[in-house]
Amino acid sequence: MSQVLHPIEKTIIKLLQSEKNLTELQIMEKAKLSMDQTRRGIEWLRLKNLAIVEESEKFFLTLGKNGIAANTDGLPERKLVNLVSNASVPFDDLRKKLLDDMNVAIANAKKNDWITITKNESGSIVSLKSKPDQTSEEKILAAIGHNKIPQDDIKDTLALESLKKRPDYIILESVKTRTLSLSEQAKSIDVDAADSGAIDVEADVPRVYAARTHPLKDTINEIREIFVSLGFSEISGSLTQPGFWNFDALFTPQDHPAREMQDTFYIKDKLASNFATASQINQVSASHKKGWKYPWNVDVAKKMVLRTHTTCVTINYLAENKPSEARVFSLGRVFRNEKVSYKHLVEFNQVEGIVVGKNVSLRDLMGIQTQFYKKLGLNKIKFWPTFFPYTEPSLQTMVYNEKLDKWIELFGMGIFRPEVTRPFGITRPVLAWGGGIERIAMLKYGLDDVREFYNNNLSWLRSTPKCQ
Amino acid sequence: MPVVTLYLSRLQKLVGKVSKDKIISALPFLGLDIEEETDQYIRVEYSPNRPDYATDVGIATGLQGLLGIKKGIAKIIIKRQKDKTYSIKTSPAVKKIRPFVLGLVAKDGKLDDEIIRQLIALQEDLHFGVGRKRKKASIGIHDLDKITLPLLYTAKSKDHKFVPLATNHSMSVTQILDTLETGKEYSAILGNGANVPMILDSKENTVSFPPIINSALTTVSTSTKNLLVEVTGNDPGAVADTLAVVASALQGLGFTLHDFKTDSKSSADSIKMRTIILDPNLVSQTLGLELSPVQICNMLKKCRLDAMVKNKKISCTVPSYRFDIFGPMDLVEEVALGYGIQNLSTTLPSSTSVGQKSKTTLKLDQLSQIMLGLGFTEALNSSLTSKQTLYDNTKRDSSKLIEVAESKSQEHTVLRDSIIPGLLENLSKNIHEQYPQKLFESGIVFSTGSPIKESICLACVSAHKDSGYTEIKSILQSLLKTDSNIECQTKTSQNTMFAKGKTADVIVNNKKIGIIGEIDSGVIENFKIRVPVSGFELILTDFLL
């Protein structure tokens, strides 16, 4: 129950503390409130159990058309006795005067024992017995007159009932009245002292929305933080890449299905120039000729593509820096020429990390993975062998998802093939792993449609909590 | 990735005395991903570099190794022929079209519907992968008993007629290329010459029209006992590799293999094992695992390779169908598989390196924080978008658009050169949400350079009934002031996306770094937005970064 009182409520309580019972109307007049304010105030007090509302029904009487006429001209039986007060009058003559009232007049006058009726050869004759006093019914008519009076004011209920039976004499009107009194609790409230300046703190308020980062960005930032906390530094590269760095440098043969336009976005009318040193180009060419046994074509390597993975950034970094020790990662958009669906986007985010070192091994790579997933809150993981064109050995991580109750494939990993590293003079092992970020974000936000991330639906952006 | 269906009772019979559960739990450690599992069958995805896993026989061979039932190479035995009946002669005419051919005879086997289904699947996977959509290599499998040997591999004109597989009437080559599915799909391989490759038997019956279709005459059915396999193609390596995989599968299915001669080679000569020398140090270094040379040999044998210690090195013999193995590093992976990935415990490399975010990331994080403080919510849009959103709706000049080829999605064909259009698109999809709507986005935009310039931009839009130039300029000033204590000027300019007289260039140190203004009412109408919108876009590259 709220302790806060509205000024209207206070006024009504004050009134009732001195007057005990008041009707709605009385409150309205005395408190100088509008009917609407009065009613609202009463309702609030009732809901807070501060006021007791009693509803009562009262009946009022007014005269109908015939009642008004009878009040001025007399009741039919009164008219009759007036006609016969001086002499007896034949029945037929009376009928001519009283018309429709004749039957009622005769019946009532006879019942009241005011007249006698004698019969001779020419018909019935009515004569007065005694001059009557004003009847109870006549008194009631006179009492009502042109006013509306409470039914309770009429004590002679028998006469009233009789009048009510006459057509259109009496109009009965029902009026409902709400009477207010204070509850015990309210009687003791010190209205002037209570809650000065307080407001209803429990009431609903309008909604506002915090400006926020995109939920997918939150996951991206989280992953970036994990890499940094594991000692990795961020590197970046272009989204548009010559085929050379996206494919050739990674030992992907030029006729490989992944390089076809139906899988990869080629940029129209754009060819790369000065994309690599002559020696890098020669070495890659030789590696392809030896490994895949086909005439490698530099023109194919010049075609500009939207990068299909972040590995092109990694290999470019390795080729430029030839580090003997390194822990770096790159994170960003990658592209695939796919039909957009609930599980495929043409453009999504990928992260990839590498470790270069003298004695780093596959078991180290698995260890780093385990740490990475632990930081993401994923503790139940296992490794399965798999195939990637530019790593050997290659593994994939399987992560157990409690919500879905199944193992889910997450990041892939492996050690760069000698065919990839050797042409760039990299002699130490390069541990690499990575994968799509949207997939992790979908698990985190419980989404089953990956497109939701790029719909920028404000109701979703505004309602998605930061902590999942 | 290709998928193969494995019927468990069949697979169990092929593998040997092992429970079904053991088989199922071993599958992932061959590198096979379980796609679907029922009581009767399992569907697994295999990597295209292991086409020997396209049949249950191939997978059973692998499982036997891992489960320790059989080790070492499952040798392909090809019986040599004394006479030259099993042979094919190549005419010079076909050498310019599709030069290479190999063959093989497989006898006394039993075919059922399941085996035929698997052979067809194997054939299709080889066509797609090693065969590069039948260009490098394609396979024909025939009923040997319908053929009169020897064969002739020759070139025929497009008027040549025969009854193609799965039809019952004679068709010309032209008709086949124009009407049959495989004809339409693969005719490009044959080029525009007048002649096409054709394999004829000694009665001049057409056996095959490579790489398009076989003849109906040699259709293989469940009553076929003896098979002829021919592989043709443009790449001798791919042709030999393909034949090796088919040979290994047919032997696994119970056929006896017989040699088949071409002009220069016999199948027995081309299906040959290779030897690779592996240094045990490479294994221990790469895997982080101390294994003795004998142990390494044992692991390799579990992967159905042969190996022995020779001068402290390991001499490993690899069957010809394992063309996924290039060199020693591939053998290291085999050792890991033989050891069992599940048995590898994890270790951590020692490192003292301190991680760091890139400068760009740090700057964008800081700018994001300020934008959030100014009440703007972050949006994320694709950088590959549509001409409609980027240029038509915003009335911007599209003469320098950068387009991708053959996109499968109409909404993703052009690389964005500005962020604001995407944000307007977002506003147009949120017209029923509560206003004010304030969005910002940072990201990469593209312009013509050498060959393409990528710049990092930040843009924002404010949409509500009182949105206007003053508000958005206040935001701009506050952003730059809070970030780097920069005072900027706004200089009157013109831009079709913005309202005339209500747009400016953003100038810092006499250099234009962006645009600002109230969005043109026509543009707002194009996006079906119902309130005024103002916004700005800054190019951060060369300025803040």
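Domain bounds here come from an automatic or database domain assignment.

Figure 1. Welcome to a predicted model, in which local features need pLDDT of at least 70 and side-chain atom pairs count only at pLDDT 80 or more, while totals for chains, interfaces and linings use all residues. Residues are numbered from 1 along each chain as its sequence is written, and chains are lettered from A and ligands numbered from 1 in the order in which they are written. Chain A is assigned domain 1 (1-50 + 183-205), domain 2 (63-173) and domain 3 (215-463). Between the C-alpha centres of domain 2 of chain A and domain 3 of chain A there are 112 Å.

**Figure 2. Chain A as a whole.** You can find 20 helices and 17 strands in chain A. Both kinds of element are DSSP runs numbered from the N terminus: helices are H or I with at least four residues, and strands are E with at least two. The radius of gyration of chain A is 51 Å, whereas a compact globule of 468 residues would have one near 23 Å. That radius is taken over C-alpha atoms, and the globule rule is 2.2 Å times the number of residues to the power 0.38. Along the principal axes, the C-alpha atoms fill a box of roughly 155 × 60 × 40 Å. Of the 468 residues in chain A, 38% are buried. Here a residue is buried if 20 or more other C-beta atoms lie within 10 Å of its own, exposed if 12 or fewer, and partly exposed in between, with C-beta atoms placed from the backbone.

**Figure 3. Where chain A meets chain B.** The contact takes 76 residues from chain A and 68 residues from chain B. Two residues are in contact if their C-beta atoms, placed from the backbone, lie within 7 Å. On the side of chain A that touches chain B, helix α16 (residues 362-375) of chain A gives the most, with seven residues. By residue type, this side of chain A divides into 37 nonpolar, 21 polar and 18 charged. In this grouping Ala, Val, Leu, Ile, Met, Phe, Trp, Tyr, Cys and Pro count as nonpolar, Asp, Glu, Lys and Arg as charged, and the others, Gly among them, as polar.

**Figure 4. Chain B as a whole.** Chain B has 16 helices and 28 strands. Its radius of gyration is 33 Å, well over the 24 Å that the globule rule gives for 545 residues, so chain B is more spread out than a compact globule. The C-alpha trace of chain B spans about 95 × 65 × 45 Å along its principal axes. Buried residues make up 47% of the 545 residues in chain B.

**Figure 5. Two neighbouring parts of chain B.** The assignment for chain B gives domain 1 (3-66), domain 2 (78-270), domain 3 (276-340) and domain 4 (359-539). Domain 1 of chain B and domain 2 of chain B have C-alpha centres 28 Å apart. Eleven residues of domain 1 of chain B are in contact with 13 residues of domain 2 of chain B. On the side of domain 1 of chain B that touches domain 2 of chain B, α3(B) provides the largest share, four residues.

**Figure 6. Helix α4 of chain B.** Helix α4 (residues 113-128) of chain B has 16 residues and should span 22 Å at 1.5 Å a residue, which agrees with the 23 Å between its end C-alpha atoms. The expected span is 1.5 Å times one less than the number of residues. Among the buried residues of α4(B) are B:Ile115, B:Leu119 and B:Leu122. The buried residues of this helix pack against α3 (56-66), β7 (138-143) and α7 (236-252) of chain B.

**Figure 7. Inside the nonpolar cores.** A nonpolar core is a set of buried Ala, Val, Leu, Ile, Met, Phe, Trp, Tyr and Cys residues joined through C-beta atoms within 7 Å. The largest one holds 227 residues, of which B:Val229, B:Leu243, B:Leu300 and B:Val335 touch the most other members. With ten residues, α7(B) gives the most to this core. Leaving aside neighbours within four places in sequence, B:Leu243 is in contact with several residues, including B:Leu102, B:Val229 and B:Ile271. A second, separate core of 13 residues includes A:Ile12, A:Leu16, A:Leu180 and A:Ala186.

Figure 8. In helix α14 (residues 420-428) of chain B, eight of the nine residues are buried. B:Arg274 lies in strand β16 (residues 274-278) of chain B, and B:Arg274 counts as exposed because it has 12 C-beta neighbours inside 10 Å.
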